[in-house]
Amino acid sequence: MSSLQIKELEKSFKIGRNEEKILKSIDFELEEGKITALVGTSGSGKSTLLTIAAGLQKSSGGKIKFNDKDLTDMSSSKVRDVRAKEFGFVFQHAHLVPFLSVKDQLNLMIDTAELKWRKKEKQQRIQDILETVDMWKHRDSDPDQLSGGEKQRVAIARAIIHEPKLLFADEPTASLDSKRSVEVMELIRSLSIERNITVLMVTHDEDMLVYADRTVEMKDGKIEK
Ligand SMILES: Nc1ncnc2c1ncn2[C@@H]1O[C@H](COP(=O)(O)OP(=O)(O)OP(=O)(O)O)[C@@H](O)[C@H]1O
Ligand SMILES: [Mg+2]
């Protein structure tokens, strides 16, 4: 079953006086519960495609269907709502909030997504997710007391605490050494399987492709067939 459907997606940017087409009529589907890896040379449009699919920036044309609704037809506030409740994000750097403990990174996310969990349920879910990513023992640590891989595990916990249907990951292992990269990818894979999360992941690291169910290549703003 398809989780996200993209049809004839276009994106242009104004560069100087010229309008440059960065995404060129992209047709693309994400299969529910599967991990799709997006690869391609630098500048081919991977991050642009991921951020548009995730509702983080607007397209110049085309359709993005999620749950039978079209993100391109929705108001900005509705897109924000879908993004906060149904999508999770992981980037190259963990982007944790300085001076907030690991536990409070998650509390903040829960409050931002306006999840109406009671205090006890909230604490239980935070404990569950931190145990899953093996960070419960670091629950009271601040980001600057954590290694890169530990930070990224907290970022993944934060990305899925609200039980999103879709996880968007742009080079989630690019700032990690190979051992930590494998750990992070094994974590993403097991979470995707256990919680039926659909994943779109951009990567430059060929070693990470074994964790994907499907690899799609972008070239010059198009998907290679
Ligand atoms: N806001 C913007 N304004 C103008 N041009 C942009 C903007 N965002 C992206 N681009 C251009 O779009 C093209 C694709 O960028 P994108 O970031 O999607 O590439 P990428 O495939 O993710 O590359 P990398 O592997 O280096 O991260 C690049 O030529 C980039 O300069
Ligand atoms: Mg990129």
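Which residues does UniProt give for the feature "domain: ABC transporter"? I looked that up before anything else. The unreviewed UniProt entry places the feature at residues 4-225. I'm working with a predicted model here, and the annotation comes from the record. Over residues 4-225 I get 34% helix and 28% strand for the chain.

**Ligand 1**

Next I went to ligand 1 and asked which residues come nearest. There are 13 residues around ligand 1, and S42, G43, K46, S47 and T48 come nearest. Then I went through some polar contacts to the ligand's oxygen atoms. G43 puts a backbone N or O atom 2.8 Å from an oxygen atom of ligand 1. For S44 I found a polar backbone atom at 3.3 Å from an oxygen atom of the ligand. H204 uses its side chain: a polar atom there lies 3.1 Å from an oxygen atom of ligand 1.

How much of the ligand does the protein cover? On its own, ligand 1 has 630 Å² of accessible area, and the protein covers 61% of that.

I also checked which elements supply the shell. Strand 1 (2-15) and helix 1 (46-53) are the elements that give two or more residues to the shell around ligand 1. Helix 1 makes the largest contribution, with three residues. Sorted by class, I count eight polar, three nonpolar and two charged residues in that shell.

**Helix 1**

Is helix 1 largely enclosed or largely open? Seven of its eight residues are buried, so the rest of the structure largely encloses helix 1. My list of the buried ones reads K46, T48, L49, L50, T51, I52 and A53. K46 and T48 are therefore on two of my lists: buried in helix 1, and among the residues that come nearest to ligand 1. After the helix comes G55, and I noted its positive phi, near 75°.

**Strands 4 and 5**

In which sense do strand 4 and strand 5 pair? Strand 4 (residues 61-66) and strand 5 (residues 69-70) run antiparallel, paired over two bridges. I traced one partner: F66 bridges to K69 in strand 5. Two residues lie between the strands of this hairpin, and N67 takes a positive phi near 55°.

Note on methods: Residues numbered from 1 in each chain as written. Chains lettered and ligands numbered in written order. Predicted model: local features only at pLDDT ≥ 70, side-chain atom pairs only at ≥ 80, totals over all residues. Heavy atoms only, no water. Near = heavy atom within 4 Å. Polar contact = N/O pair within 3.5 Å; in protein donor to acceptor, adjacent residues only side chain to side chain. Areas by Shrake-Rupley, 256 points an atom, 1.4 Å probe, with all protein chains shown as cover. Helix = DSSP H or I, 4+ residues; strand = E, 2+ residues; numbered from the N terminus. Nonpolar A, V, L, I, M, F, W, Y, C, P; charged D, E, K, R; others polar. UniProt positions renumbered as here; feature names shortened; annotations may be inferred. Pairing = 2+ DSSP bridges. Buried < 20%, exposed > 50% of the residue type's maximum accessible area, 1.4 Å probe, protein only.
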